[in-house]
Structure formats: structure tokens, C-alpha cells
Amino acid sequence: MVPNYAPADYIPVRGEGSRLWDQEGREYVDLAGGIAVSALGHAHPKLVAALTEQAGKLWHLSNTLTNEPALRLARKLVDATFAERVFFCNSGAEANEAAFKLARKWAIDTGGADKYEIISATNSFHGRSFFTVTVGGQPKYSDGFGPRPGGITHIAYNDIEALRAAISDKTAAVVIEPVQGEGGVLPASREYLEAARALCDQHKALLVFDEVQTGVGRCGTFFAYETFGVVPDILTSAKSLGGGFPIGAMLTTAAIAKHFGVGTHGSTYGGNPLACAVAEAVVDTVNTPETLAGIRAKHDRLVTRLESIGRETGAFALVRGLGLLVGAVLAEPYKGRAKDFMVAAAKEGVMVLQAGPDVVRFAPSLVIPDADLDEGLARFERAVRAVAGR
């Protein structure tokens with residue numbers, strides 16, 4: 001395989017719920033969720049049933065035809081959100097690529113050839129295609145590939161005055177993650193998002209929310225924009241949407257969507273019947289009052305325990321996040337050592353993530369049993385104590 005990854009030294013072969021087993025039969029509690037993807041854990045019966053049923057019917061057509069699972073899923077996403085139109089693709093990067101292209105097409109169509117500028121935040125992450133990685137505000141991901149696409153400005157996250165200074169009538173879109181995931185599990189403030197909405201309206205620009213990581217229940221509401229009470233013009237989704245089956249979606253209004261006329265954009269596998277059938281089962285399971293309330297309750301349980309571990313070991317400066325997207329920010333003596341905590345956790349039989357060098361990230365199943373969450377955190381505490389020498 002191409003050496004662009006640095007995988008762990010164990011290989012999982014089977015999963016059930018929030019537990020995984022590797023080739024040696026060793027068990028792990030999964031608090032990583034495949035980087036916020038495995039929304040219902042591993043081998044969830046409803047997802048297995050949906051995939052199995054659809055696999056016996058229809059696998060693939062092409063976008064010259066539509067299919068019933070795609071139509072059903074689109075209707076459910078529209079009914080549950082501000083959106084009126086959905087574009088399906090295969091990943092978060094593809095969803096953001098579509099969103100950025102649509103924003104520019106809309107802006108040029110409505111405002112002229114000079115209205116193409118995109119404003120994004122430093123330390124943001126929007127995917128690994130060249131356009132999305134350039135809009136993302138982390139040069140470590142975009143350096144080394146030659147000239148970048150132009151017309152993209154980066155400003156400090158959560159800085160209203162910086163946004164006010166940067167936006168103009170040439171701005172096509174402002175792109176924001178309601179919670180920066182790769183950037184350190186850093187939530188936006190309500191005031192920042194409200195100001196972004198007002199400034200976009202003032203300058204006739206689109207507000208794009210990248211909810212690839214925060215959407216489909218991850219933050220305790222179906223999409224995070226509901227938590228803040230700020231409605232975007234375009235929203236992107238992936239990760240939890242498929243519960244582990246590759247799918248992405250871009251959601252928008254009918255007035256904006258009409259600028260993507262026939263032939264302007266596409267995706268061979270977008271709207272695949274298998275993916276849409278699985279995603280429909282995810283949506284049906286997650287978007288209920290009971291599940292969403294459970295996510296918020298599990299957030300409190302997770303944060304309370306992490307704060308306790310931080311106090312007892314001195315390892316964490318603070319714990320932040322929304323729903324079941326939580327980051328433990330390392331205290332000064334441990335800055336730069338997030339990977340050490342992740343590796344130590346795996347040795348104790350629990351899977352966690354890092355969000356940059358200074359934050360340990362947690363993104364477990366949205367329906368993880370309390371007993372599994374508690375056991376995973378007990379194992380994580382042993383790992384923290386091993387690293388901290390406490």
C-alpha cells in the first residue's frame with residue numbers, strides 16, 4: 001500500500017457494538033468511532049438488515065437514473081432540516097467540493113465574475129481534495145503540491161472582527177465548522193455564528209456549514225446548526241450519515257440548487273442504493289428524541305469523568321466539545337503528546353483519537369451503552385496515569 005498512512009500495530013477483524021477484537025483476539029472499547037463515523041457502533045442490527053435487504057435488490061445504477069433508497073433518504077433529510085435539495089456523493093471531501101463549487105457558481109451567476117472569494121478559518125479541515133484542502137486552514141495538508149487554487153482567505157476562528165474585516169461584496173461564501181474537529185474540538189460561539197449569518201446577508205454571500213463531523217446526532221441535535229439556532233445556506237454531511245458505509249451529502253435550498261443545472265457537477269457513485277439504504281436506517285435510528293437526549297446525557301457522563309481524570313493526574317487543561325464529540329486539551333507539561341496518550345490507550349484496550357498534537361479526541365458510538373463508556377474511560381484513565389506517571 002502507498003505509505004501515506006501510519007496505522008497502529010494491531011489489526012481489528014471483528015466488531016460488535018462499541019467493542020472490537022483484533023487478529024490476536026484482544027478486545028478494545030471503541031471511543032474513536034472510526035473518526036466520528038461509526039454512529040451506531042459496529043454491526044448494528046438495523047444497518048446490517050438494511051444493507052442485506054438492499055444487497056439482494058440493487059447495487060448500482062449511475063446518475064443517469066435515480067433509485068428508491070436515494071429518493072427516500074433525500075426526503076428524510078429535507079424533512080428534518082432547513083434544506084429543500086440534496087446532492088449525494090461518497091465522502092465529506094466530495095460534499096465540501098460540491099458545496100464550494102456551488103457557492104462560487106451561485107455567486108458568479110448572481111453577482112458577476114468577480115464574486116468568487118471564499119473565507120475560511122485557520123486550523124479548519126474540509127477534506128483532502130486540492131480545493132478542499134486549500135479551503136482548510138492547515139498548511140501542513142496543502143503544502144508541497146504546487147500552486148493552490150486562488151481566491152481563498154483564512155481568518156482566525158471565532159473572531160467576529162476578523163470576519164467583518166475580511167468579508168466584502170466580492171465574497172461568495174463563508175465556510176465554518178460549527179465545531180472544529182481536526183483543529184482541536186473547538187466549538188464556535190453562538191455570537192460568532194450569528195455574526196457570520198448577518199454579515200453574509202449584508203454582503204449577499206452564502207454561509208456554508210461543514211457538518212461532516214458534527215452532523216447526524218454527533219452534537220446532540222440532528223445537525224449542530226440547530227444547537228446554535230443559526231441556519232446556513234449550504235450544509236455538508238458525511239461520516240455518521242452512513243454509520244461506516246461511505247456516503248456524503250450536500251444540503252441546500254431550491255433557489256441555490258438551481259445553479260447546479262444538468263451537467264455542472266456529478267459523482268458516479270453518488271446516491272448509490274446500498275449507501276442510501278444504510279444511511280436511511282442511520283437517520284431513522286438517530287433522529288429520534290430518545291436517541292438525541294441519550295447523546296446529551298452521555299456527553300455529561302463523558303465530560304464529568306474526563307474532568308475528574310484531568311484533576312487527579314494534571315494531564316488536561318480543560319475538556320470541551322458538544323455531544324459525543326469531545327476533546328481533552330492537554331495541560332502545558334504534556335503539550336505535543338496527544339499521540340502518546342492515544343498509543344498508551346490502545347495498550348490498555350481502548351481506542352481514542354487525537355485532534356492535532358495537543359488534544360485527545362473522543363467520538364464514540366452515539367448509542368454506546370453506559371457500561372461500555374465507563375469501562376472505556378477506566379482503561380483510558382490507566383493509560384493517562386501511565387503517561388503522566390501518576
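**Around a glycine**

Tutor: Start with Gly-181, which touches Gln-213, Ala-355 and Arg-361, leaving out residues up to four places away in sequence. Keep in mind that this is a predicted model.

Student: Where does Gly-181 lie?

Tutor: In the loop between strand S8 (179-180) and strand S9 (186-187).

Student: Is Gly-181 buried or exposed?

Tutor: Buried. Its relative accessible area is 0%, and buried means under 20%.

Student: What separates the C-alpha atoms of Gly-181 and Phe-341?

Tutor: A gap of 18 Å. Along the chain, the two are 160 residues apart.

Student: New topic, helices. At what angle do the axes of H13 and H14 cross?

Tutor: Roughly 125°. H13 covers residues 338-347, H14 covers residues 370-388, and their axes come within 8 Å. The two helices are therefore oblique to each other.

Student: Which residues make the contact?

Tutor: H13 brings Asp-340, Phe-341, Ala-344 and Ala-345. H14 brings Phe-380, Ala-383, Val-384 and Val-387. Seven of the contact residues are nonpolar, none is polar and one is charged.

Student: Now the largest nonpolar core. Which residues touch the most other members?

Tutor: Leu-31, Phe-88, Ile-176, Phe-362 and Phe-380, out of 99 residues. Helix H11 (residues 273-286) gives the largest share, eight residues.

Student: And what is Ile-176 in contact with?

Tutor: Beyond its neighbours within four places in sequence, its contacts include Tyr-157, Tyr-192, Leu-193 and Phe-209.

Student: What about a second core?

Tutor: There is a separate one of 23 residues, with Cys-89, Ala-95, Ala-103 and Ile-118 among them.

Definitions and conventions. Residues are numbered from 1 along each chain as its sequence is written. This is a predicted model: local features need pLDDT of at least 70, side-chain atom pairs count only at pLDDT 80 or more; totals for chains, interfaces and linings use all residues. Side-chain values use heavy atoms; hydrogens and water are left out. Axes are lines fitted to C-alpha atoms, for helices over the stretch in contact, and angles run from 0 to 180 degrees between N-to-C directions. Helices (H or I, at least four residues) and strands (E, at least two) are DSSP runs, numbered from the N terminus. Angles under 35 degrees count as roughly parallel, over 145 as roughly antiparallel, 65 to 115 as roughly perpendicular and the rest as oblique. Contact means heavy atoms within 4.5 Å. Ala, Val, Leu, Ile, Met, Phe, Trp, Tyr, Cys and Pro count as nonpolar, Asp, Glu, Lys and Arg as charged, and the others, Gly among them, as polar. A nonpolar core is a set of buried Ala, Val, Leu, Ile, Met, Phe, Trp, Tyr and Cys residues joined through side-chain atoms within 4.5 Å. Buried means under 20% relative accessible area, exposed over 50%, partly exposed in between (1.4 Å probe, protein chains only).
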